[in-house]
Amino acid sequence: MNAYSETLEIAQTLIRFDTSNDGRDVIEKPAADYVMDLLGEVGLEPEYLGPTPGRPSVVVRIPGKKREVEVDPVTGERRGAVVIHGHTDVVPAVARDWSVDPFGGVVKDGFLWGRGAVDMKNMDAMILAVVREIARTGYVPPRDLIIGMFADEEAGGHQGCRWLVEHHPELFEGATHAISEVGGYNTYVNGERVYLLQTGEKALTWYTFRAEGKAGHGSQINNDNAIAKLSRALVALDSEPWPLTLTDTVTKLLQGTSEISGLPFDPDDEASINALVNALGPAKAYVGATLRTGCNLTSFNGGYMQNVVPGSAEATADVRAIPGTEREVARRIEELTEGIEVGWLSSMDGYESTTEGSFVEAMTAAVLAKDPGAHVLPYLLSAGTDNKALGSLGIEGYGFSPVRLPEGFDFPAMFHGVDERVPVDSLAFGAEVLREFIDRL
């Protein structure tokens, strides 16, 4: 029997725990208890940590042959412990919109369906299957592995990874690299499989805006209307033409796509860039959002009756700045919303990890060992992961959750989408790639 045949069963079980995170009443504890049992069953001793009783994270360190941090004398690359992490919470799912029970862990038409099948209980299951195999066989990895199953990622990690980094940084002592979700999946370019290795993330700031005005009767003239003030500022934000900005990661992705597709790449020609993005198929949804800063208005609240002018109005926006432009973007938002009170609910800078070196080579080689003839290219993620929090400890983060997908399958649409699903055979494939990667550390 394949050592990773249990990956499907673990993924199904995890999906059946409703760990929906709406920022309020999520309970990760049943899933965390299950993870503790899986790890304890093979002789490991994980730690169970969290700020509140229902929000635990699970962390375990597996000692490797080399315990110290090494520095490559030529490249300067630091090589120490590796954090391999997932999260146990998911975004909510409205059952009536789905064709299956979103928390049923259903297998149908060769796919595993359910909330978390892609984001990211599939990867959680791969990690756990590999760790269990390592523990059962007594295998000693080349370097320490720090395995984390974190709470609260979908709401910014304040009760999960960010809390651990702030309160228990010793858990990550000696770590130099980390891998997690939203990378290692494939798309097709010119009929060839191209795996996208996530080597960076845009910044994330969830802004709040509040306007104050004069409350009064709706029949009277009011030149100090809070809703009007806020609306003008929001229109300015929504209309801002954020400039095209190609980072090193995006440039390397477009160059690689050009070589595979035969399409020209001109960094000064947006039509050329857009053609290459489109050549990436369904992956264009993520890649296209990494060409410039993005600002999406996400909520608006003001007023309580038709004939009452409210004294205040509030709104939120999700802003994703290109790495390295965070301060410039923040200043521009202040200019566009002059006269409005600006705050934020969560804010983390973006990052770009190196696209070269032995760590990237290990991920690339692991994929190609299981899928010879494929291509591996770096890409920048427009969304965010817990790698941002680990970055505050100097840990370089990567998205490496390997899955092999059929041509035409819209994988990016599965993240937070209705009828979220992943090919069943990609689970064992991903576990095999992860195991291969660990061998090459």
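This is a predicted model: local features need pLDDT of at least 70, side-chain atom pairs count only at pLDDT 80 or more; totals for chains, interfaces and linings use all residues.
Residues are numbered from 1 along each chain as its sequence is written, and side-chain values use heavy atoms, without hydrogens and water.

**View 1. The largest pocket holds about 610 Å³ of space.** A pocket is an open set of points on a 1 Å grid over the protein atoms alone, with protein on both sides within 12 Å along at least five of seven lines. Lining residues have an atom within 4 Å of a point. Grid points are joined across faces, edges and corners, and a volume is the space filled by probe spheres set on the points. Of the 30 lining residues, L204, R320, A383, G384 and H416 are the closest to the centre of the largest pocket. The elements giving two or more residues to this lining are β12 (204-212), α8 (284-287), β14 (294-302), β16 (312-320), β17 (341-348) and α11 (387-391). Helices (H or I, at least four residues) and strands (E, at least two) are DSSP runs, numbered from the N terminus. β14 gives the most, with 3 residues. Domain 1 (4-199 + 350-439) and domain 2 (203-348) each provide at least three residues of the lining. Domain bounds come from an automatic or database domain assignment.

**View 2. The second largest pocket has a volume of about 180 Å³.** It has 14 lining residues, and T205, Y207, E326, A330 and S347 are the closest to its centre. Which element gives the most to this lining? α9 does, with 4 residues. The lining divides into 9 nonpolar, 2 polar and 3 charged residues. Here Ala, Val, Leu, Ile, Met, Phe, Trp, Tyr, Cys and Pro count as nonpolar, Asp, Glu, Lys and Arg as charged, and the others, Gly among them, as polar.

**View 3. The largest cavity holds about 70 Å³ of space.** A cavity is a set of grid points where a 1.4 Å probe fits but cannot get out. The model has 3 cavities of 30 Å³ or more. Residues lining the largest cavity include E77, R143, H177 and F359. α10 (358-370) gives the most to this lining, with 3 residues. By class, the lining has 4 nonpolar, 4 polar and 4 charged residues.

**View 4. The second largest cavity has a volume of about 60 Å³.** Among its lining residues are M120, E181, Y185 and F415. This lining has 8 nonpolar, 3 polar and 1 charged residues.

**View 5. Helix α1 (residues 6-16) packs with helix α3 (residues 121-137).** Their axes lie 8 Å apart, at an angle of about 130 degrees. Axes are lines fitted to C-alpha atoms, for helices over the stretch in contact, and angles run from 0 to 180 degrees between N-to-C directions. The two helices, α1 and α3, are therefore oblique to each other. Angles under 35 degrees count as roughly parallel, over 145 as roughly antiparallel, 65 to 115 as roughly perpendicular and the rest as oblique.

**View 6. A cis peptide bond joins D119 and M120.** Its omega is about -15 degrees. M120 sits in the loop between β7 (111-113) and α3, and also lines the second largest cavity.

**View 7. H416 has a positive phi of about 65 degrees.** H416 is not a glycine. Its place is in the loop between β20 (396-399) and β21 (421-423).
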